[in-house]
Amino acid sequence: MGRLINIFMGMACAAIGLTGCAAHVSAPVPRADVVLDQQSRCLTDAEIAQWVRSYTQRQSFDNPPAAMRAADAACTRAKYQQQLARVAGPLVGYKVDLSNLHLQKTFHAGEPVWGSYYQSMLLPAQQDPVDVRYGSQPVFLANLLVRVSDAGINDAQTAEDVLLHIDQIVPFIELADLQVQKPSGLTAHHLTAINAAARLGVMGQPFAVEADAKNRKRLLRELEGMSVRVMDGKGRLLGRGKGSDVMGHPLRSVVWLAAALRKEGLSLQPGQWISLGALSPMFRPRAGEKVTVAYAGLTGVRPVGVRFQ
């Protein structure tokens with residue numbers, strides 16, 4: 001349990017005994033001349049450029065304004081994503097964050113938030129070991145990816161609708177990066193601004209979604225009822241979750257995402273990937289450790305693993 005990370009680290013350190021937690025919470029306070037003012041606003045291009053420099057150097061940057069509102073968070077995200085694409089490659093998909101109902105309660109959020117994935121962010125499972133300091137504030141968790149098969153997904157209203165417009169499901173270990181100097185101060189709007197903490201992720205073996213209606217119905221049930229287990233290299237359980245933790249059914253996060261993108265004048269495109277949301281607690285990676293995520297009850301989906309160095 002000492003590995004478990006509540007995003008509100010400062011509130012949870014004593015309760016969960018998180019090793020190194022105090023070091024995160026007591027990160028050096030930025031100099032007065034670089035502290036962002038605390039009134040809500042969309043960050044300037046110069047400030048975003050500094051964020052991107054910090055991102056490429058795997059260094060933490062200043063927290064967004066404490067009182068940041070939704071509109072300013074969306075504006076900041078758009079600027080950040082535009083500049084991230086220049087260093088991380090073309091857009092390849094999206095991630096839904098805070099779709100886990102437990103995290104929504106932690107953040108007092110009424111709905112999820114979303115971010116973008118770029119080409120260099122998604123790693124094959126056969127990739128060499130991942131640097132334990134792949135980000136400035138690295139955390140990993142269990143997730144799932146789905147691949148869009150056609151534009152009809154943008155009109156999906158139910159989880160069953162979504163299943164008609166995806167062709168692959170992929171086990172996924174999300175390697176997120178909370179990025180800011182004080183993760184304990186993050187809010188849901190801040191997560192929006194920092195592109196939902198997207199950094200990297202390890203993709204497992206794809207599982208094809210069958211066209212047969214009977215098999216799709218079974219898959220729909222299994223996605224909701226699956227038990228997700230995160231284990232270390234010795235097979236010891238680090239944490240667990242279940243499919244229904246994500247909006248009652250993990251594919252409902254796609255319905256939410258399509259509607260959220262529509263408000264921004266965007267849409268999902270064939271071939272894009274979508275990560276559905278946290279299917280486990282978050283953990284801080286350790287050098288030399290191997291982590292495996294298994295999806296019990298999800299027929300045909302094999303475990304996915306990553307090794308940190």
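Which residue just after H4 takes a positive phi? Gly89 does, at about 95°, and the legends below take it from there.

The model is predicted, so local features need pLDDT of at least 70 and side-chain atom pairs count only at pLDDT 80 or more, while totals for chains, interfaces and linings use all residues. Residues are numbered from 1 along each chain as its sequence is written, and side-chain values use heavy atoms, with hydrogens and water left out.

**View 1**
Helices (H or I, at least four residues) and strands (E, at least two) are DSSP runs, numbered from the N terminus. H4 covers residues 70-88, and its end C-alpha atoms are 25 Å apart, which agrees with the 27 Å that its 19 residues should span at 1.5 Å a residue. The expected span is 1.5 Å times one less than the number of residues in the helix. Among the buried residues of H4 are Asp72, Arg77, Tyr80 and Leu84. Here buried means under 20% relative accessible area, exposed means over 50%, and partly exposed lies in between (1.4 Å probe, protein chains only). The buried residues of H4 pack against helix H3 (45-56), strand S3 (113-118) and helix H7 (188-193); contact means heavy atoms within 4.5 Å.

**View 2**
Strand S5 (residues 138-148) has ten of its eleven residues buried. S5 pairs with strand S6 (residues 166-177) in the antiparallel sense over eleven bridges; two strands pair if DSSP finds at least two bridges between them. To follow this pairing, look for Val139 opposite Ala176 and for Val148 with its bridge partner Ile166. S5 also runs antiparallel to strand S11 (residues 273-275), joined by three bridges. Val146 has Ile274 of S11 as its bridge partner.

Strand S6 is largely enclosed by the rest of the structure, because eleven of its twelve residues are buried. Four bridges join S6 to the antiparallel strand S7 (residues 200-203), where Met203 is the bridge partner of Phe172. Two bridges join S6 to strand S8 (residues 207-208), again antiparallel. In that pairing, Ile169 stands opposite Phe207.

**View 1. The largest nonpolar core, seen around Ile274.**
A nonpolar core is a set of buried Ala, Val, Leu, Ile, Met, Phe, Trp, Tyr and Cys residues joined through side-chain atoms within 4.5 Å. The largest one has 54 residues, and those with the most contacts inside it are Leu251, Leu268, Ile274 and Tyr295. Helix H9 (residues 252-263) gives the largest share of this core, seven residues. A second, separate core of 41 residues includes Leu98, Tyr117, Leu122 and Val170. Back at Ile274, the residues touched include Tyr94, Val96, Leu144, Val254 and Leu268, leaving out residues up to four places away in sequence.

**View 2. Ser253 in helix H9.**
Ser253 lies in helix H9 and is buried, with a relative accessible area of 0%. A polar atom of the Ser253 side chain lies 2.8 Å from the backbone oxygen of Pro250. Apart from neighbours within four places in sequence, Ser253 is in contact with Val96, Ser99, Val246, Met247 and Leu276.

**View 3. An open sheet of four strands.**
The order in this open sheet is S10-S9-S13-S14, with antiparallel pairing. Strand S10 (237-242) and strand S14 (304-307) are the edge strands, each pairing on one side only. Five bridges join strand S9 (residues 227-232) to S10, and Met231 stands opposite Leu237 in S10.

**View 4. Two loop residues with positive phi.**
Most residues other than glycine have a negative phi. Arg58, in the loop between H3 and H4, has a positive phi near 55°. At 38% relative accessibility, Arg58 counts as partly exposed. Leu98 also has a positive phi, of about 60°, although it is not a glycine. Its place is in the loop between strand S2 (91-97) and helix H5 (101-107), and at 1% relative accessibility Leu98 counts as buried.

Methods. Polar contact = N/O pair within 3.5 Å; in protein donor to acceptor, adjacent residues only side chain to side chain.
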